Amino acid sequence: MPKQPPAKSVFSRRLREARLRSGIAQDRLGVMIGLDEGCSSARMSRYENGVHEPPFPVIENIARFLNVPVAYFFCEDDRLAEIMRIYSFAKEKERQAMFDFAVELGGKPTK
């Protein structure tokens, strides 16, 4: 029986989305996060195709270069992932307004 390719993980899908949104090539991102230039494209391709998932410190580094919060990579809900991405760029006043609006819609603050 032929070996099935791995199912794409939420992480691999979000990584590709964030990288493409940033306009950064796989090999360039790999070098930016400290991978050897000779293997950076292949390694990033494996991450994006769900073959391998990098260790958490590497994910933190990727998030920093792609300007997304680490949680973005693991959020299964597309809308919530986008809200997290938008929130990460917002100024404190905007963040507070987003929080207040969410509470007003039915959430309860946890303080």
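1. At what angle do α1 and α5 pack, and how far apart are their axes? In this predicted model, the two helices pack at an angle of about 45 degrees, and their axes are 13 Å apart. That angle makes α1 oblique to α5, and the crossing of α1 and α5 is right-handed.

2. The contact between these two helices is formed by Arg13, Arg14 and Arg21 on the α1 side, and by Asp78, Ala81, Glu82 and Arg85 on the α5 side. Sorted by class, the residues of the contact of α1 with α5 comprise six charged, one nonpolar and no polar.

3. Turning to α4, the axes of helix α1 (residues 10-22) and helix α4 (residues 56-66) come within 10 Å and cross at roughly 30 degrees. Because angles under 35 degrees count as roughly parallel, α1 is roughly parallel to α4. The crossing of α1 and α4 is left-handed.

4. To the contact with α4, helix α1 contributes Phe11, Leu15, Ala18, Arg19 and Ser22, while α4 contributes Ile59, Ile62 and Leu66. The residues of the contact of α1 with α4 divide by class into six nonpolar, one polar and one charged.

5. For the pairing with helix α3 (residues 40-48), the axes of α1 and α3 come within 7 Å and cross at roughly 125 degrees; α1 and α3 are therefore oblique to each other. On the α1 side the contact is made by Phe11, Ser12, Leu15, Arg16 and Arg19, and on the α3 side by Met44, Tyr47 and Glu48. By class, the contact of α1 with α3 has three charged, one polar and four nonpolar residues.

6. The structure holds three aromatic pairs. In one of them, the rings of Phe11 and Phe74 have their centres 5.9 Å apart and their planes at 25 degrees, so the pair is stacked.

7. Helix α6 (residues 92-104) has 13 residues and reaches 18 Å from its first C-alpha to its last, which is close to the 18 Å expected at 1.5 Å a residue. Just after α6, Gly106 takes a positive phi of about 135 degrees.

Technical notes:
Residues numbered from 1 in each chain as written. Predicted model: local features only at pLDDT ≥ 70, side-chain atom pairs only at ≥ 80, totals over all residues. Heavy atoms only, no water. Helix = DSSP H or I, 4+ residues; strand = E, 2+ residues; numbered from the N terminus. Expected span 1.5 Å × (residues − 1). Axes fitted to C-alpha atoms, helices over the stretch in contact; angles between N-to-C directions. Parallel < 35°, antiparallel > 145°, perpendicular 65-115°, else oblique. Left-handed = near helix turned anticlockwise from the far one by under 90°. Contact = heavy atoms within 4.5 Å. Nonpolar A, V, L, I, M, F, W, Y, C, P; charged D, E, K, R; others polar. Phe/Tyr/Trp six-rings, centres within 6.5 Å; stacked < 30°, edge-to-face > 60°.
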